[in-house]
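Please look over the sequence and the structure below before reading on. The paragraphs that follow start from a single residue and then widen the view.

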Amino acid sequence: MGVNFENAGAAIKSLASSFQGFALAGQETQKELITTTALLSRMGVDAGTTTGILNTLTINMGMNTRQATEMTKKLVQVGSALGDASKFLKLLVLRLLHYFK
């Protein structure tokens, strides 16, 4: 399961418009963010959800971009094991935002 132009384009659009750390990230970090977001999209987690969890982890929980990316991958694994990674991430973001307002 690889990245295609559609997934990569949606990832870039979402990250550039919604992820606060994207513009300041180095080229390698941006590439990793795009790849991760696009791959998660192929797994059923839309780019907006991925961007939302990345923002929550970096802004509210103080993680750097690399840590947030790795944590997001782990959370997707948990969500997949529970049956629906996208739904799990959306609920998690809402819960975290409730506690970190």
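This is a predicted model: local features need pLDDT of at least 70, side-chain atom pairs count only at pLDDT 80 or more; totals for chains, interfaces and linings use all residues.

Lys-90 counts as partly exposed because its relative accessibility is 42%, where buried means under 20% relative accessible area, exposed means over 50% and partly exposed lies in between, computed with a 1.4 Å probe and protein chains only. Lys-90 forms a salt bridge with Asp-46, and the closest N and O atoms of the two are 3.7 Å apart; a salt bridge here is a side-chain nitrogen of Lys or Arg within 4 Å of a carboxyl oxygen of Asp or Glu. Since Lys-90 lies in helix α5 and Asp-46 in the loop between α2 and α3, the pair ties together parts that are 44 residues apart in sequence. Asp-46, with a relative accessible area of 34%, is partly exposed as well.

Residues are numbered from 1 along each chain as its sequence is written, and side-chain values use heavy atoms, with hydrogens and water left out. The pLDDT is the predictor's confidence in each residue, from 0 to 100; its mean for the protein chain is 90, and 98% of the residues reach 70 or more. Confidence is lowest in helix α5 (residues 85–99), with a mean of 83, and highest in helix α2 (residues 27–42), with 94.

The protein chain has 5 helices and 0 strands, where helices (H or I, at least four residues) and strands (E, at least two) are DSSP runs numbered from the N terminus. For 101 residues, a compact globule would have a radius of gyration near 13 Å, and the 12 Å of the protein chain agrees with this; the radius is taken over C-alpha atoms, and the globule rule is 2.2 Å times the number of residues to the power 0.38. Buried residues make up 38% of the 101 residues.

The structure holds 3 salt bridges. In one of them the side chains of Glu-32 and Lys-73 meet at 2.8 Å, N to O, and this pair links distant parts of the chain, with Glu-32 in helix α2 and Lys-73 in helix α4, 41 residues apart. Lys-73 also forms a salt bridge with Glu-70, the closest N and O atoms being 3.3 Å apart. Because Lys-73 and Glu-70 are 3 residues apart in helix α4, they are separated by about one helical turn. Through shared partners, the salt bridges join Glu-32, Glu-70 and Lys-73 into one network.

Helix α4 also holds Met-71, which is partly exposed, with a relative accessible area of 30%. Leaving out residues up to four places away in sequence, Met-71 touches Leu-57 and Met-63, where contact means heavy atoms within 4.5 Å. Is Asn-55 buried or exposed? Asn-55, in helix α3, counts as buried because its relative accessibility is 14%. Apart from neighbours within four places in sequence, Asn-55 is in contact with Ser-18, Phe-19, Gln-20 and Asn-60.
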